[in-house]
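Student: I would like a close look at one part, with the cut-offs spelled out. Please start from a total and then go to the detail.

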Amino acid sequence: MTDTTERVIDPGTELPDGPPAGVLNGPERAAEARTVGPVTFAKALNAALADAMEADSSVVMFGEDVGALGGVFRITDGLTARFGTGRCFDTPLAEAGIMGMAVGMAMNGIRPVVEMQFDAFAYPAFEQVVSHVAKMPNRTKGKVKLPIVIRIPYAGGIGGVEHHCDSSESYYAHTPGLTVLAPATVRDAYTMLREAISYPDPVVFLEPKKLYWSKEVLDLAELKETFEASTAAPSIGRAVVARAGTDATLVAYGPSVPTAMAAAAAAAEEGRSLEVIDVRSIVPFDDETVCASVRKTGRAVVIAEAPGFASVAAEIVARIQERCFHSLAAPVRRVTGFDVPYPSPKLEHFFLPSVDRILDTVDELQWEDQA
Amino acid sequence: MTISTGTNRAPGTARTSDQQESAEAAMLPSATPVQLVDPNGVHTPNESYPLPDGESLLAAYHKLVVGRRINDQANALVRQGRMAVYPSSHGQEACQVAAAVVLDHQDWLFPTYRDTVAVITRGVDPMEVLTLLRGDWHSGYDPLEHKVATQATPLATQLLHAVGVAHAAKLRGEDTVVLALCGDGATSEGDFHEALNFAAVFHVPVVFLIQNNEYAISVPLKSQTVAPSLAHKAIGYGMPGERVDGNDLAALLSVLGKAVTRARAGGGPTLVEAHTYRMQAHTNADDPSRYRSQDDVEKWIPKDPLSRMRTYLRDLAVLDDDGETRIAAAAEEMAATLRDGLNTDPVVNPEDLFNYVFTEKTSQLREQADLLRGELSREQSSEEVTP
């Protein structure tokens, strides 16, 4: 008779019989030698997780395929080997289960970091996120804090099939109690993930999939030291000027930032100076930085991959117009995904905000009175 | 790789088909619900479950009588408009009391909205518990102080939190057992399945107690499932299931006590189904005459958890007239506490709307708090000038 208890689930092997008190405090393997030089966005996230787990034994990473495989995007590569199956482990394939278990673990002294394998695969966990993760601190008047980080590989541009490319930020941003971050640079990928893990409130951490392979020349050891010495300004709640300019402001976040930067570079060749704001932190939103830029330039285009109707981009447009009306020389415009389900790989380039579409929209910002 | 299924079998050891069958049989519930004291108050011996001693039963019976009084008083206070709503556990008090008393101080209880009596029995201040139902905040007590989670109004979601607390306790090397409550309707939810599966795979110290009161608002159990029993679902997850007479306090204490002991010893999770009955409406907003007959309800009156335990304890000579007087006085004292507490209007602070959304208010929330504060201060000054 076949042994029906044969399974390929890793954590059960050690956890049921392993030394319980030793799991969080056991010896760790030495960290690998640091990469100094070109670092990918994915590697920066991986280093942030490892450094956070090294710094705080209550940080525990789990999700689907995050153990031996290291995650389908390899963001958790090597964590199980280094920290053991108590600290980075595979769960059964059930997103609500992952999220609900994270709530309970956070109630009992753990700082869970969970991976939702793909944006659209996070939807089974939606009830746990909106009814419990987001509300528990409020329901208990702050007596129960939930320092959970929900990592979501998100958005498109990688030729993924359906249900692998959604820009789901509006669902989370619309839910009071969730902090929603979307880094766009390799440096921010590291620093913002470290901040998110140290944050007292739950964070939805949106990782633009198409940027996983982007590179910057960085010294990860230096980034670690800077973060751990708390000498850098916090990123949560703060947008940055990614490129300075004078004629119009492009507001973007996550995967749209490099597109906005490329548009600004192309515009410069045509003699138009565009400022690019990298929002970084969708919630809390930095009205101050965005409005300071728009008041200076007098024109703005908000860029995002998500369908524009009832979106974060729509909210940003409204906020700019409420606050900067008298500084505006033209209506604030949006370049977003169309209001259609995310398209198939061969159609996605028609859907995604492009440099040309951004430049065309900038051209329409009533530079001269229209007939 | 092999994982333990809670049978403490060495990983990798091959199993014969006989062993397989007996391991499977051990996960199946008994043929009928475990009963130790029948509705007439007579002990019915059971070789798997010992009868708790008289003193333990008397202490639990005391809580049972107080629990009934909480239900009755709370219902009255809803009728008087002192409370927004009260989902009564009238008829289910044995489950409520047993769930609370089988736990030690370091253990956790995960209640639903119908489990107010269990939470109070666990020792949480009754007025803090009734905050939710009075409507002045969502949860009035500190879950971490009492190791009692917030009362869940979504169904089955709290079972996963219970698994998480238990898993964290295990990682941290704590001696903690978690008892999670849900109803029969909640067993249809996806989170019920995910919680039981996670609990079994991670082999965590959780006891799941289903109070099968036969109705999910208006929908009877037969429309939720055609499984032989809810306890049979356990074997599908590789954990033992048991069913128990949910109106028999002695049987509940014995069955749950065994499951808690097993969890504490590293034996993993257990699913317990308690057969009971919701004697009253779902809430005061419900009209049960639309979906069940009074005759059906009355069939359960002789099975009441209080009367059989009273008879048993009187026959055992553990309970006498003095004892009954003392217990009745304690119940009246609890009722008076509820009346006094609810007859004063709660003071709510509108600023609290903004105070607990994030650890630090965002600039947007500060603006909105300013807006509300301005409105209130204008209202107040116009009241002051208007005679």
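How many salt bridges does the structure hold over all chains? Then take the contact between domain 1 and domain 2 of chain A.

Tutor: The structure holds 35 salt bridges over all chains, where a salt bridge is a side-chain nitrogen of Lys or Arg within 4 Å of a carboxyl oxygen of Asp or Glu. This is a predicted model, in which local features need pLDDT of at least 70 and side-chain atom pairs count only at pLDDT 80 or more, while totals for chains, interfaces and linings use all residues. Residues are numbered from 1 along each chain as its sequence is written, chains are lettered from A and ligands numbered from 1 in the order in which they are written, and side-chain values use heavy atoms, leaving out hydrogens and water.

Now the part you asked about. In chain A, domain 1 covers 11-24 + 34-228 and domain 2 covers 240-363; such bounds come from an automatic or database domain assignment. The C-alpha centres of these two domains of chain A are 27 Å apart. Domain 1 of chain A brings 27 residues to the contact and domain 2 of chain A brings 21, with contact meaning heavy atoms within 4.5 Å. The size of an interface is often given as the accessible area lost when the parts come together. Between domain 1 and domain 2 of chain A the buried area is about 1800 Å², with 58% of it from carbon and sulfur atoms; buried area is the accessible area (1.4 Å probe) that two parts lose on being put together, summed over both.

Between these two domains of chain A there are 2 salt bridges. Elsewhere in the list of pairs, E305(A) and K210(A) meet through their side chains in a salt bridge at 3.8 Å, N to O. Polar contacts across the interface of domain 1 and domain 2 of chain A come to 11 residue pairs, both residues at pLDDT 80 or more. A polar contact is a pair of N or O atoms within 3.5 Å; within protein, one must be able to donate a hydrogen and the other to accept it, and residues adjacent in sequence count only if both atoms are side-chain atoms.

On the side of domain 1 of chain A that touches domain 2 of chain A, at least two residues each come from α8 (169-173), β6 (179-181), α9 (186-198) and β7 (203-208). Helices (H or I, at least four residues) and strands (E, at least two) are DSSP runs, numbered from the N terminus. That side of domain 1 of chain A has 15 nonpolar, 8 polar and 4 charged residues; Ala, Val, Leu, Ile, Met, Phe, Trp, Tyr, Cys and Pro count as nonpolar, Asp, Glu, Lys and Arg as charged, and the others, Gly among them, as polar.

Because R151(A) is in strand β5 (residues 149-154) and E207(A) in strand β7 of chain A, the pair ties together parts that are 56 residues apart in sequence.
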